[in-house]
Amino acid sequence: MASLEDKPRPSNTGFKVFSLLVFLAALFGVMDMDVLGICLGSSQVNRPLFDLNLLAVGGILCCKLYLEAFRVGVKGEAVAYEDAQTTTHIMLLLILASFLLFSTALWPVYGFFSVVVSAMIGYGVIFNFLLLLPIGLMAQNAVLTLAYTTFLYHYVGM
């Protein structure tokens, strides 16, 4: 059975250059606005909503690991949308919930720009970083899990 690892990645140079530019611009914006420092230490952030956001992100990661690591990696299934509609819909709802919760949690700090910050982190940094990584899905899952647990470690230890 073919796995997700066998599918070729886009090799279009223009696509990669665009992804790199979006990634760098979003990373610069996130660093310039000190989003990490504010998420970890600002008293203005709505903590209950931020905590729910972290729970939603954990759910997204669990669904991703279930589909890509368990069903493809362990069971050797070829996963398509038709085979994983429920998990896909749960992930879409969790992504929407995470975006709304994160934006609302940061609203007292950034106002309307909290929506822009959410988009910069979700699409600009995370999504484009994964597109630019020349590694397989299992390594991507390991990187995401490590990043998530490292953030949780610093967040809980504050």
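User: What covers the buried residues of H1?
Analyst: In this predicted model, the cover includes helix H2 (35-41) and helix H5 (113-132).

User: And which residues of H1 are the buried ones?
Analyst: Ser-19, Val-22, Phe-23, Ala-26, Gly-29 and Val-30. Looking down the axis of H1, those residues fall within an arc of 135°, so they line one face of the helix.

User: Why would a spacing of three or four places put residues on one side?
Analyst: An α-helix has 3.6 residues a turn, so residues three or four places apart point the same way.

User: Ok, what's on the face of H1 turned away from the buried side?
Analyst: Exposed residues: Thr-13, Leu-21, Phe-28, Met-31 and Asp-32.

User: How many residues does H1 have, and what does it reach end to end?
Analyst: H1 runs over residues 13-32, which is 20 residues. From first C-alpha to last it reaches 28 Å, close to the 28 Å expected at 1.5 Å a residue.

User: Back to H5. At what angle do H1 and H5 pack?
Analyst: About 140°, with the axes 8 Å apart. H1 and H5 are therefore oblique to each other, and their crossing is left-handed. On the H1 side the contact residues include Phe-15, Ser-19, Val-22, Phe-23, Ala-26 and Val-30. On H5 they include Met-120, Tyr-123, Gly-124, Asn-128 and Leu-132.

User: What comes just after H1? Which residue takes a positive phi there?
Analyst: Asp-34, with a phi of about 50°. Asp-34 has that positive value although it is not a glycine. For background, most residues other than glycine have a negative phi. Asp-34 is in the loop between H1 and H2.

User: Is Asp-34 buried, exposed or partly exposed?
Analyst: Partly exposed, with a relative accessible area of 44%.

User: Switching topic: how do the axes of H3 and H6 cross?
Analyst: Helix H3 (residues 47-74) and helix H6 (residues 137-156) have axes that come within 11 Å and cross at roughly 155°. That makes H3 roughly antiparallel to H6. H3 passes H6 in a left-handed crossing.

User: Which residues make that contact?
Analyst: From H3, the set includes Arg-47, Phe-50, Leu-54, Gly-58, Leu-61, Leu-65 and Gly-73. H6 brings, among others, Leu-137, Asn-141, Leu-144, Tyr-148, Phe-151 and Tyr-155.

User: Gly-58, then. Buried or exposed?
Analyst: Gly-58 is buried, with a relative accessible area of 13%.

User: Where is Asn-53, and what does it touch?
Analyst: Asn-53 is found in helix H3. Not counting residues up to four places away in sequence, Asn-53 touches Ser-98, Leu-101 and Phe-102. Asn-53 is buried, at a relative accessible area of 5%.

Note on methods:
Residues numbered from 1 in each chain as written. Predicted model: local features only at pLDDT ≥ 70, side-chain atom pairs only at ≥ 80, totals over all residues. Heavy atoms only, no water. Helix = DSSP H or I, 4+ residues; strand = E, 2+ residues; numbered from the N terminus. Expected span 1.5 Å × (residues − 1). Buried < 20%, exposed > 50% of the residue type's maximum accessible area, 1.4 Å probe, protein only. Arc of directions from axis to C-beta. Contact = heavy atoms within 4.5 Å. Axes fitted to C-alpha atoms, helices over the stretch in contact; angles between N-to-C directions. Parallel < 35°, antiparallel > 145°, perpendicular 65-115°, else oblique. Left-handed = near helix turned anticlockwise from the far one by under 90°.
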